[in-house]
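Here are my notes from going through this model. Have the viewer open while you read, and flag anything that looks off to you.

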Amino acid sequence: MTTTRPSEQANPPQYSIAILSAAALAYEILLIRLFSIIQWHHFAYMIISLALLGYGASGTFIALARHWLLTRFSAAYISNVVLFGLSSVACFLAAQQVEFNPEEILWDFKQPISLLVIYLLLALPFFFASNCIALTLARFRENISRIYSFDLCGAGLGSLGIMLLLSIRFPMDSLLLLGSAGLIAAAVAWWEMDLRPRKWILAFVAAALILPLLPGSMKRLVISPYKDQSQALRIPGAEIIASRSGPLGLVNVMENRVIPWRHAPGLSLNADKEPPPQLRIFSNGNSMTAITRYNGDNEQISYLDQLTSALPYHIRRPDNVLIMGAGGGSGILQALYHNVKHVTAVELNPQIIKLVRHDFGPFAGKIFSNPNVYVHVGEARGFVTGSSELFDLIQVPVLDSFGPSSAGLYALNESYLYTVEAIQEYLKHLKHGGYLAISRWVKLPPRDTLKLVATAATALERENISNPGQRLALIRGWQTSTLLIKNGIYSTGDIAKLQQFCRNRSFDVAYYDNMAINEANRYNILDRPHFFLSTQALLGEKRDEFLNQYKFNIRPATDDQPFFFNFMKWGTLPEILDSRGRGGMPLIEWGYLVLIATLIQALAVSLVFILLPLRSLCKNTFNKQYVGTISRFRVFAFFFCVGLAFLFLEIAFIQKFILFLHHPLYAAVVVLTSFLFFAGLGSGYSKRFAKKRGAGLAVVYAAVAIVILGFSYLIILEPLFSALITLPDWARILISIMLVAPLSFCMGIPFPLALTQIGEKAPELLPWAWGVNGCASVISAVLSAVLSVHFGFSAVIVAALLLYCMAAICWP
């Protein structure tokens with residue numbers, strides 16, 4: 001490809017930068033969604049990190065080849081834009097062919113290598129995109145603030161655009177369209193840089209139109225063979241009969257006419273009726289729920305009375321029930337079986353509701369259209385918080401799959417359903433004498449159930465209940481347990497009904513107040529009555545001592561540390577590894593360990609591919625610590641601190657706004673778009689601000705504003721959200737944007753001013769600064785997750801604010 005232009009007018013390709021940045025950010029979000037489908041949720045952190053690895057590594061490349069590339073700017077820029085568009089598709093297709101199983105990462109040396117290959121392969125598109133931005137910044141140093149503004153604003157619009165795109169297209173179709181967007185950016189760049197011959201514009205547009213027409217065989221997602229959907233497809237007769245896609249993921253419905261599905265988690269061994277034929281619903285290849293065939297005959301669904309979750313219906317007949325997680329409708333059927341007059345169900349994924357209500361409505365007996373059933377789309381915790389209704393029973397069914405849960409693959413899943421604050425909120429929406437029933441999988445040694453008990457006890461104590469044990473009852477079967485929390489004290493009659501329920505179904509009573517030890521461990525016998533003894537310890541005076549000594553982390557989850565499924569304790573890891581050949585593998589928290597492995601790789605790869613080459617380059621280029629008036633150490637410190645801090649705040653604020661916006665998708669879109677867009681506006685304003693105050697003073701003012709706003713938000717956000725939580729969606733979204741805007745505007749100021757300063761006084765250091773910032777961003781994406789797990793999101797925000805202070809002090 002040869003490029004010529006009729007004149008040497010210096011017009012930076014800012015519109016193509018905006019399109020390219022939008023496509024790159026959209027690609028990053030899409031990769032998170034794709035890896036949630038083909039692998040596991042915790043890969044989100046790896047994807048964010050590897051995306052930024054490409055940005056950091058490009059700094060090395062530009063620094064090494066700066067003069068050669070700048071003399072061929074047009075050709076280099078266009079080539080990298082085109083390579084981004086093509087590699088965004090090709091690299092993901094190639095990454096799917098790399099065999100990787102996270103469960104074997106500790107003892108199969110090939111698995112870390114496979115992870116590294118995926119890590120580097122998917123970084124290539126971002127490497128090409130970053131080359132375009134870094135080259136443009138180096139070529140048009142006098143317009144850095146404006147170029148960076150287009151970069152950030154484009155990225156912000158890209159985060160919004162990909163969510164809209166995923167609402168109407170399947171993920172692989174969206175991937176091809178993003179590849180086409182890269183080629184469109186090349187056409188726009190050719191036009192705005194006034195290059196010749198003009199026919200290349202038509203060639204790029206034609207290629208962009210052809211790319212989405214790839215054959216269907218190339219668009220097939222290769223889902224991990226260890227996910228529930230892949231396992232189910234191995235059974236003869238299994239086939240996927242419907243697929244739906246949306247921003248929350250891919251939903252598949254599976255049927256088996258040869259061996260009909262029968263899904264009844266923890267069904268009593270005394271049950272004399274089997275479930276009727278069912279259809280299975282898989283979300284992102286996992287999180288299985290069932291649609292049960294129902295014709296209105298309650299005898300047909302009597303098996304639902306043989307589950308631990310049926311307990312509250314036998315202690316008190318509820319009239320008004322809330323099901324938190326409608327899924328395929330099993331919880332609704334259970335309530336209808338017990339003649340509940342008013343059933344409210346909440347389901348996060350609208351695709352599942354459409355499938356059960358419309359596509360398979362006749363099969364499901366049209367239960368979602370039953371006049372006694374009210375189904376709402378939304379996040380269950382947010383629905384409860386925004387509701388003024390009181391319920392006789394709130395049911396939280398088992399919402400995850402047993403296999404991944406037992407293997408620790410949900411360790412990094414943030415869940416605001418099982419926190420101390422969540423249980424407090426549920427209790428406020430119970431009528432006097434009402435019940436909160438939460439069911440979990442039984443794991444050995446006990447983890448989920450005990451963490452739930454600890455969380456419930458803490459919630460009750462925060463409500464000034466001096467003896468939480470009087471309001472708790474716990475039962476377990478062979479596979480599931482149910483914790484029943486009463487809004488009041490259990491009576492003798494309540495306990496008698498509980499005992500009778502368990503006796504008829506061979507369930508074990510694990511705890512109630514003043515229970516004798518010989519009542520525990522009667523049917524599903526363990527070597528010791530672990531659940532009873534542990535629950536007593538958690539409700540006793542030596543709770544902290546028990547929590548410290550227990551082999552797993554069962555401390556209560558909170559809204560600031562909502563990692564309910566993380567049970568990892570480093571002190572236990574050597575013991576588990578020693579027992580790996582004797583069935584110890586399910587005890588390892590694989591999600592957490594993959595995160596740590598990713599952090600180690602991020603540090604190592606950043607060091608090798610970014611810091612060492614750049615440091616070597618600087619040594620060869622400069623013989624002094626100072627280049628002109630610029631200190632290399634200060635450049636490193638400033639851009640490293642800003643790179644860490646920006647992403648720390650971005651990730652932590654997304655989590656903080658989930659509860660306010662009642663939906664993780666809304667929080668991601670609103671916060672991410674607002675952060676990037678207003679940071680872009682701040683970048684655009686930074687040059688004028690620097691002319692008034694001076695660049696150094698402008699950065700100090702910006703850092704002070706960031707710190708003041710950040711600490712203010714830590715203090716006021718929680719009470720503010722509580723006061724405004726009942727407002728309509730549009731109002732809460734608008735308030736969220738207004739809250740994010742001033743902080744992100746100030747965050748957009750320091751980086752372009754520092755880059756402009758370096759561009760004026762030591763342009764050779766500009767690619768190095770870009771690379772250092774990318775290196776910090778690589779580490780920050782994963783490190784923020786590690787810090788959140790151990791210290792909470794508020795600690796991540798505090799760390800970010802301190803980093804901005806350090807950046808201001810280290811102004812180059």
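1. Ground rules. This is a predicted model, with local features needing pLDDT of at least 70 and side-chain atom pairs counting only at pLDDT 80 or more, while totals for chains, interfaces and linings use all residues. Residues are numbered from 1 along each chain as its sequence is written, and side-chain values use heavy atoms, with hydrogens and water left out.

2. The second largest pocket. Its volume is about 690 Å³. A pocket here is an open set of points on a 1 Å grid over the protein atoms alone, where a 1.4 Å probe fits, with protein on both sides within 12 Å along at least five of seven lines; lining residues have an atom within 4 Å of a point. Volume is the space filled by probe spheres set on the points, which are joined across faces, edges and corners. There are 25 lining residues, and Arg-381, Asp-559, Leu-659, Glu-718 and Ser-722 lie nearest the centre. The largest share, 6 residues, comes from α25; helices (H or I, at least four residues) and strands (E, at least two) are DSSP runs, numbered from the N terminus.

3. Nonpolar cores. The largest has 159 residues, and Phe-92, Phe-639, Leu-649, Phe-653 and Phe-657 have the most contacts inside it. α23 gives the most to this core, with 18 residues. A second, separate core has 54 residues, including Tyr-313 and Val-340. A core is a set of buried Ala, Val, Leu, Ile, Met, Phe, Trp, Tyr and Cys residues joined through side-chain atoms within 4.5 Å; buried means under 20% relative accessible area, exposed over 50%, partly exposed in between (1.4 Å probe, protein chains only).

4. Asp-194 is buried at 19% relative accessible area.

5. The Leu-444 to Pro-445 bond is cis, with omega near -10 degrees, and Pro-445 is in the loop between β9 (430-441) and α17 (448-462). Asn-284 has a positive phi of about 55 degrees and is buried at 12%.

6. Thr-344. This residue lies in β6 and is buried, at 2% relative accessibility. Beyond neighbours within four places in sequence, contacts (heavy atoms within 4.5 Å) of Thr-344 include Asn-320, His-376 and Phe-391.

7. Salt bridges. The count comes to 19, using a side-chain nitrogen of Lys or Arg within 4 Å of a carboxyl oxygen of Asp or Glu. Asp-448 pairs with Lys-443 at 2.7 Å between the closest N and O atoms, and both are buried. Asp-508 and Arg-476 pair at 3.7 Å; Asp-508 is in β12 and Arg-476 in β10, so this pair ties together parts that are 32 residues apart in sequence.
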